[in-house]
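Visitor: Hi! Could you walk me through this structure?
Guide: Happy to; here it is.

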2 protein chains.
Amino acid sequence: MTVAPVDLSHLTLIDTTLREGEQFQTADFTSSDKRRIAEMLVGFGVNYLEVTNPAASERSFKDAEKLVSHLPRTKIAAHIRCHPEDVRIALDSGVGALHMVMAVSPILRSVSHGKGITEVIRTAEECAKLARSRAPGIELRYSNEDAFRCGREDLAKVYGSLAQSGLFDRFGLADTTGVASPMDVQQMVQWVREETGKAIEWHGHNDTGCADANAGTAALSGASHVNCSVLGIGERNGIASLESMIAFLYTRSPDHIRQHYHLDQLQDITRFVADCVGVEIPFSHPIMGKAAFSHKAGIHLKAVLQDPGSYEAIVPEEFGLERHLNLAHRLTGWNAIR
Amino acid sequence: MTVAPVDLSHLTLIDTTLREGEQFQTADFTSSDKRRIAEMLVGFGVNYLEVTNPAASERSFKDAEKLVSHLPRTKIAAHIRCHPEDVRIALDSGVGALHMVMAVSPILRSVSHGKGITEVIRTAEECAKLARSRAPGIELRYSNEDAFRCGREDLAKVYGSLAQSGLFDRFGLADTTGVASPMDVQQMVQWVREETGKAIEWHGHNDTGCADANAGTAALSGASHVNCSVLGIGERNGIASLESMIAFLYTRSPDHIRQHYHLDQLQDITRFVADCVGVEIPFSHPIMGKAAFSHKAGIHLKAVLQDPGSYEAIVPEEFGLERHLNLAHRLTGWNAIR
Ligand SMILES: O=C(O)CCC(=O)C(=O)O
Ligand SMILES: O=C(O)CCC(=O)C(=O)O
Ligand SMILES: [Cu+2]
Ligand SMILES: [Cu+2]
């Protein structure tokens with residue numbers, strides 16, 4: 001067997017449906033949608049949720065505040081810019097973690113904040129100091145947006161200085177335009193971990209189809225926190241999906257995943273969010289796609305009738321789902337079911 | 001820049017929409033659908049197509065025969081079992097390549113052909129000899145089905161013996177149940193290449209969301225041939241998609257991809273196949289998903305209005321597509337377009 005089992009005890013999935021997902025084209029969550037999504041995620045077993053910047057609007061603030069009081073055992077993190085104002089407002093909302101982010105690539109620095117690398121570092125430190133002075137024990141994460149279009153030297157400066165400051169609990173690494181290959185992810189996660197000596201969080205987009213596998217790769221390469229969203233919704237065509245992460249981790253450590261997640265609840269969350277944002281669940285989606293457990297070629301049907309594990313890496317029944325055997329199609333005639 | 005440009009001159013994309021894709025749940029291609037799909041693919045720039053076993057049915061035979069004569073400059077490969085009958089019939093259809101496959105994992109061997117490893121090797125050799133005796137110059141590929149659930153020793157025996165036989169041009173490596181991580185792919189491709197000294201072909205499924213990234217990883221790890229299908233259609237939730245492969249390779253070597261493919265034709269192929277099999281193009285699909293070039297958060301909109309490259313790894317116009325700016329949404333108010 002070349003698929004090695006993996007120890008997942010140090011891995012935390014951060015669901016960002018209520019932040020990155022809110023940036024999806026057709027997402028327009030009401031406060032009650034948000035509450036329902038958060039409840040379902042927590043019921044399923046996710047214990048770390050990222051929400052939209054409370055400084056973004058009055059409603060974002062109120063929604064964050066309500067989630068915090070409604071879900072006292074769940075870590076709610078506010079995703080914020082490195083602005084003192086954002087820090088203050090986010091802390092006022094009562095969240096348990098601040099996820100700060102700053103653009104570091106030359107292209108994003110120039111169209112976004114216009115700051116040089118030294119100023120990026122100074123700004124992040126100032127915000128972190130402000131946060132620590134007001135809420136010493138809060139979980140603080142700093143992430144470099146667009147890290148894969150940034151030179152190694154600049155990255156090393158930012159991560160290195162901020163690690164030395166001792167202000168942060170964890171560093172994020174964002175593949176903002178979805179250009180990283182899995183090998184890039186592996187190298188970068190290992191490198192930033194060595195540079196900083198800190199826990200690493202992964203966040204990656206799907207522009208070239210790598211979001212799911214990159215998130216899985218990050219988890220296997222030493223990232224302690226990985227971002228995902230229901231259906232992978234987010235800016236453009238999105239990020240890693242919760243469903244794919246569960247599929248990926250389940251094939252590596254089924255017992256861990258069964259113990260920590262109520263697998264039969266996954267379908268309700270996926271369907272609810274799909275309805276909320278008005279998309280069809282992609283036919284190609286792991287676990288939840290309509291074709292995920294559909295077998296057709298004669299050889300496959302014959303095998304699956306004897307032992308479903310022959311052509312299934314995941315047991316549909318554990319997710320409250322059924323396999324579908326296309327017995328009527330002419331292709332099945334080939335090595336027919338005899 | 002950590003995304004390294006790559007030399008793609010030794011990489012061939014094999015489109016298997018007309019083989020693996022025919023095994024998709026709702027695929028039921030007519031002969032004229034097949035011809036149209038093949039024509040569109042060839043027009044786009046794909047020059048290697050895999051088709052269903054001509055021994056599967058009279059129609060599969062005729063369809064293969066017609067494609068061969070209709071597309072004389074395209075390599076048409078028949079995907080066959082290691083049966084002398086399949087070899088003979090496939091050769092009679094006039095195809096330019098035989099893609100033989102045999103199950104090698106213990107679970108598939110037991111529910112499929114019931115043969116031991118030695119017999120697998122003998123069977124593959126016999127079929128290859130038959131093929132070589134009748135069509136000495138034909139392109140011959142042998143692939144191990146379910147290679148990732150097979151022990152290394154067994155794999156080494158099969159690949160090693162068949163490489164020594166000198167009968168094959170290339171060896172395939174199939175992640176039949178979609179359990180391989182990108183790191184597994186990288187290791188396996190490199191290992192089989194070293195074991196055999198031959199060109200390597202990659203084929204991988206999407207059960208855990210890794211099909212696209214695994215195919216990209218294989219290409220960057222030394223595979224000379226990579227399988228994909230339009231929309232990734234195939235058994236269950238499918239394999240790597242042509243669209244994702246183009247997106248992935250474009251971000252690494254845009255000039256090569258522009259020179260070899262008519263990018264503005266990709267959308268017609270994708271839409272045609274989606275219609276044929278009655279699926280919606282997944283919103284999360286690279287390039288072709290409806291959200292692929294949709295920007296929403298204020299920070300993103302502001303940046304994209306200045307320079308689309310700020311948040312786009314791929315230029316939509318090159319694919320005849322347009323970006324979509326969600327200017328009306330309340331989230332855009334945050335760092336509004338000033
Ligand atoms: O805060 C982060 O790490 C990620 C921000 C983001 O959404 C991105 O860069 O794509
Ligand atoms: O012939 C091959 O390499 C692939 C066969 C197949 O479709 C699979 O194993 O998933
Ligand atoms: Cu993002
Ligand atoms: Cu396959």
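Visitor: What should I know before we start?
Guide: This is a predicted model, where local features need pLDDT of at least 70, side-chain atom pairs count only at pLDDT 80 or more, and totals for chains, interfaces and linings use all residues. Residues are numbered from 1 along each chain as its sequence is written, chains are lettered from A and ligands numbered from 1 in the order in which they are written, and side-chain values use heavy atoms, with hydrogens and water left out.

Visitor: Thanks! Which residues are around ligand 1?
Guide: Around ligand 1 you'll find Arg19(A), Glu20(A), His79(A), Val101(A), Arg141(A), Ser143(A), Glu145(A), Ala174(A), Thr176(A), His203(A) and His205(A). A residue is listed if one of its heavy atoms lies within 4 Å of the ligand.

Visitor: What kinds of residues make up that shell around ligand 1?
Guide: Two are nonpolar, five polar and four charged. Here Ala, Val, Leu, Ile, Met, Phe, Trp, Tyr, Cys and Pro count as nonpolar, Asp, Glu, Lys and Arg as charged, and the others, Gly among them, as polar.

Visitor: And which strand gives the largest share of the shell around ligand 1?
Guide: That's strand 5 (residues 139–145) of chain A, with three residues. Helices (H or I, at least four residues) and strands (E, at least two) are DSSP runs, numbered from the N terminus.

Visitor: How far is the side chain of His79(A) from an oxygen atom of ligand 1?
Guide: An N or O atom of the His79(A) side chain is 2.7 Å from a ligand 1 oxygen. Arg141(A) also has a polar side-chain atom 2.7 Å from an oxygen of ligand 1, and for His205(A) the distance is 2.9 Å. The protein buries 97% of the 300 Å² that ligand 1 exposes when taken alone; such areas come from the Shrake-Rupley method with a 1.4 Å probe.

Visitor: Now chain B. Which residues are around ligand 2?
Guide: Among them are Glu20(B), Thr176(B) and His205(B). Thr176(B) has a polar side-chain atom 2.6 Å from a ligand 2 oxygen, while Glu20(B) places one at 2.9 Å from an oxygen of that ligand. His205(B) has a polar side-chain atom 2.9 Å from an oxygen of ligand 2. On its own ligand 2 has 290 Å² of accessible area, and the protein covers 97% of that.

Visitor: Changing topic, how many residues of chain B are in contact with chain A?
Guide: 90 residues of chain B are in contact with 90 residues of chain A, where contact means heavy atoms within 4.5 Å. The two chains bury about 7,700 Å² between them, with 56% of it on carbon and sulfur atoms. Buried area is the accessible area (1.4 Å probe) that two parts lose on being put together, summed over both.

Visitor: How many salt bridges are found across the interface of chain B and chain A?
Guide: Two. In a salt bridge, a side-chain nitrogen of Lys or Arg lies within 4 Å of a carboxyl oxygen of Asp or Glu. Asp184(B) and Arg252(A) form a salt bridge at 3.4 Å, N to O.

Visitor: And how many salt bridges are there over all chains?
Guide: The count comes to 52. Inside chain A, Asp154(A) pairs with Arg109(A) at 3.6 Å, N to O. That pair joins helix 6 (residues 152–165) to helix 4 (residues 106–111), distant parts of the chain, with the two residues 45 apart.

Conventions
A polar contact is a pair of N or O atoms within 3.5 Å; within protein, one must be able to donate a hydrogen and the other to accept it, and residues adjacent in sequence count only if both atoms are side-chain atoms.
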